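Colleague: Take me through one part closely, please: the packing. Give the cut-offs as you go.

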Amino acid sequence: MNPTKIESTILVIFGISGDLSRKKLIPALFNLFKQNYLPNEFKIIGLSRQNINLDEFFNKLNFENEDPLMINNFKKKLSFVNFDPQTIEDYKTLKTMLVDQLNDFNCDRLNLLLYLSIPPNIYSNVVRNLGQAELNENNEQFDVKLLVEKPFGYDLKSAEKLINDTKEYFTEDQVFRIDHYLAKDTAQNILTFRRYNPLFQTAWNNQHIKDIKIIALEQIGIEGRAKFYESIGALRDLIQSHLLQLMALITLTLPKDLANKESIHLARHDILSNLKPFINTDEVARNVLRGQYETYRQEVDNVDSMVETYASVTVEIENSIWKGVPITLTTGKGMDEKRTEIIINFTANHEQALNKLTFRIQPNEGIGVYLTVKKPGLDRTTETVSMDFSYKNSFKELSYNTSYEKVIIDVLNKDNTLFATADEIIDTWTILQPVIDYWSTNQNDLIIYPNGSGELN
Ligand code: BG6
């Protein structure tokens, strides 16, 4: 990639004081800056209701081991603006600043990236205000992209509303709905692996695959985000987005050209829109599990909280390739390990046979193949052994980019392949809506588990 090809760019971050900016976004921008991946003419404008002091902001960033000179140069790219997202005047002031910047850069047109890292309940207002301040349309001065953080909606109805509200002011190809799991190197590798290893291609269907498990466990709890998490829970936080997207990558029908974004979007949508709907409460109950770690209620200061910190949902794709293959998506916080993994169990033709393929998304990134072999000796005892590919051993000199670096680079290059489309958002809420309804009325199925538990069953 040639960074100089990217036009003069301004990244406006709505909600710069939030957790995400500090933990993921600013560190990723700094890494790109260090590696000279950002355009020369690049500025970040951080918007927040609070007054932010540049030095105090940087002191909280864990940059202790970074070169101070580099940090200082990076700081020059960043400015903070006191901003109330509900006040239209503030958008007009922002627009004036952007036009001034156009003159400072001495360019005719700016690449304007509007990054919404804000709660979903103010999202529609912000989009409308952007529209009213004419900061939405591509014109002679601005080439505008809207970057949106998840959660995109709260349920099917609210997601539909957000999509429609956005449509009033932005075209679909201006909207980049971030799912940082899609941008992980190990997740991107799924399609590459499937395309370039014919060994597995003919077995990639319900004739040979018994079941699929997609698991994302975390040791951390909600880390002080009580208000946010009380309105979200594990199903909305990870299953609706990251895990269903990983499932789509594993099961989609490979398009001819992996670099063609429309065909990748269509292939993902084709899977997500063909999930078998849950037809009644009994069916939902049979296919879901939820739990809450023991200290959660205390942490959120709500003794009655029914919000799940652990969720598991089994789905099935209703097409001729996958019909009959249960796919279980599981996520949990407060567990005994951090592990995101996809396990594909091949059909055993013998009860002792175990044949599986695992994609280790993180940590210990890699791919494992488990085979059943005859144990050396005079009888016919079998044993399971493994063959392993590990990123660390095979690519010793290379570090892979964190997902947010990839997110930013793709937006700069106007490539939305690894972002969720409006159709996919609707598909994922559609399949999960009966689960949301069931959990909102049922009170008896929440498993309270000790912090540091393994997978529940
Ligand atoms: C985010 C969720 O999308 O993903 C967080 O909101 C979760 O709750 C995080 O901790 C996990 O991301 P990663 O990349 O650390 O696995």
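Modeller: Start with H5 and H6, which are roughly parallel to each other. Angles under 35 degrees count as roughly parallel, over 145 as roughly antiparallel, 65 to 115 as roughly perpendicular, and the rest as oblique. This is a predicted model: local features need pLDDT of at least 70, side-chain atom pairs count only at pLDDT 80 or more, and totals for chains, interfaces and linings use all residues. Residues are numbered from 1 along each chain as its sequence is written, and side-chain values use heavy atoms, without hydrogens or water.

H5 spans residues 120–132 and H6 residues 156–167. Helices are DSSP runs (H or I, at least four residues), numbered from the N terminus. The H5 and H6 axes lie 9 Å apart, at an angle of about 15 degrees. Axes are lines fitted to C-alpha atoms over the stretch in contact, with angles from 0 to 180 degrees between N-to-C directions. The crossing of H5 and H6 is left-handed: the near helix is turned anticlockwise from the far one by less than a right angle.

Now the residues. From H5 come Pro120, Tyr123, Ser124 and Val127. They meet Lys161, Leu162, Asp165 and Thr166 of H6. Contact means heavy atoms within 4.5 Å. By class, that contact has 4 nonpolar, 2 polar and 2 charged residues. Ala, Val, Leu, Ile, Met, Phe, Trp, Tyr, Cys and Pro count as nonpolar, Asp, Glu, Lys and Arg as charged, and the others, Gly among them, as polar.

For reference, take H10 and H16: their axes come within 10 Å and cross at roughly 140 degrees. H10 and H16 are therefore oblique to each other.

Conventions
Helices (H or I, at least four residues) and strands (E, at least two) are DSSP runs, numbered from the N terminus.
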